[in-house]
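Have the sequence and the model open side by side.

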Amino acid sequence: MKVPNHIAIILDGNGRWAKAKGMPRSYGHVKGCSNLETICDDMKEMGVKYLTVYAFSTENWKRSREEVEGLMKLFRNYLKKCIKIAERNKMRVKVIGDITAFDQDIQKKIAQLEEFSKDYDELHFQIALNYGSRDEIVRGVRRLAADVLEGKLEKEKITEAVVESYLDTAGIPDPDLMIRTSGELRLSNFLLWQLAYTEFYFTDVPWPDFNKKELIRAIEKYNERDRRYGGVKEE
């Protein structure tokens, strides 16, 4: 079985999973966070080199104040714990998105985690926080335009590779496989540029229940695709 070099995951269904069990949505987020730690271990074991997860979108601020505050508390705890996860898996962690919207202590924890893990290279783990792909592109275009105005870049020399260098994911290969859990069939403003040639896998399994068995099933489906032509292999 060929393992994708880069897997992206939209971590969906935590709240609904908890509600189905008669528990508050926050319980689902805690379980989902715990599952992410397990999946990181599984990815490392299977030989995946890059993992990018959609943890908190620019639209998630519209959720209830109670839920957002609970997520911020969860981020604080997870970012601190992630240092141990990074050390265990020799995992380099990078946060993509506009982190300036977070409180200073969260921004500081992100910086500490990135600095601590910067020399690891066995697994590259990208966490999308306050991330929206349209926002990412707009921010990148603004920086690009500023460089053109300042004479650092000639507009005639703007290529796809140049545009990519201004995105949050600069230097990171595009995903080979994108997984979305919990039955939704949309991208929700996630990695719109980077997913241009990515294979998609959608599953009804909510994120807290997504385990190694489900991961292998997704990779098996990926292996059925004809990557050269973008279709499905004929029997």
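Predicted model: local features only at pLDDT ≥ 70, side-chain atom pairs only at ≥ 80, totals over all residues.

Start at strand β5, residues 177–180. In a regular strand the side chains alternate between the two faces of the sheet. Here both faces are covered. Leu-177 and Ile-179 point to one side, Met-178 and Arg-180 to the other, and all four are buried.

Now look at the neighbours of β5. Strand β1, residues 6–10, pairs with β5 in the parallel sense over four bridges. Within that pairing, Ala-8 stands opposite Met-178. Strand β6, residues 199–202, also runs parallel to β5, and four bridges join the two. There, Ile-179 has Tyr-201 as its bridge partner.

Next, follow the chain into the loop between β5 and β6. Ser-182 lies in this loop. Its phi is positive, about 75°, although Ser-182 is not a glycine. Ser-182 has a relative accessibility of 12%, so it counts as buried; the cut-off for buried is under 20%. Leu-191 sits in the loop between β5 and β6 as well. Leu-191 is not a glycine either, yet has a positive phi of about 50°. With a relative accessible area of 1%, Leu-191 is buried.

Turn to the empty space. Rolling a probe the size of a water molecule over the atoms shows where empty space is left. The largest pocket has a volume of about 670 Å³. Its lining counts 31 residues, and those closest to the pocket centre are Leu-11, Tyr-54, Ala-55, Asn-60 and Arg-63. Several elements contribute to the lining. Helices α1 (14–20), α2 (25–46) and α3 (65–89) each supply at least two residues, and so do strands β2 (50–57) and β4 (123–131). By class, the lining holds 15 nonpolar, eight polar and eight charged residues.

Now the aromatic rings. The whole structure contains 12 aromatic pairs. A pair of aromatic rings is described by the distance of the centres and the angle of the planes. Take Phe-56 and Phe-75: their ring centres lie 5.6 Å apart, with 85° between the planes, an edge-to-face pair. This pair links distant parts of the chain, 19 residues apart, with Phe-56 in strand β2 and Phe-75 in helix α3. Both Phe-56 and Phe-75 are buried. The rings of Phe-116 and Tyr-120 have centres 6.1 Å apart and planes at 75°, so this pair is edge-to-face too. Phe-116 has a relative accessibility of 36% and counts as partly exposed. There is also an aromatic cluster to find: Phe-56, Trp-61, Phe-75 and Phe-102 form it together.

Finish with the cysteines. How many disulfides does a search of the whole structure find? The count is zero. Cys-40 and Cys-82 show why. The sulfur of Cys-40 has its closest cysteine sulfur in Cys-82, 6.7 Å away, which is too far for a bond. A disulfide needs the two sulfur atoms within 2.5 Å. Cys-40 is buried at 0% relative accessible area. Cys-82 is also buried, at 0% relative accessibility.

How values were computed. Residues numbered from 1 in each chain as written. Heavy atoms only, no water. 1 Å grid on protein atoms, 1.4 Å probe; cavity = no way out; pocket = protein on both sides within 12 Å on 5 of 7 lines; lining within 4 Å. Points joined across faces, edges and corners; volume = space filled by probe spheres on them. Nonpolar A, V, L, I, M, F, W, Y, C, P; charged D, E, K, R; others polar. Phe/Tyr/Trp six-rings, centres within 6.5 Å; stacked < 30°, edge-to-face > 60°. Buried < 20%, exposed > 50% of the residue type's maximum accessible area, 1.4 Å probe, protein only. Pairing = 2+ DSSP bridges.
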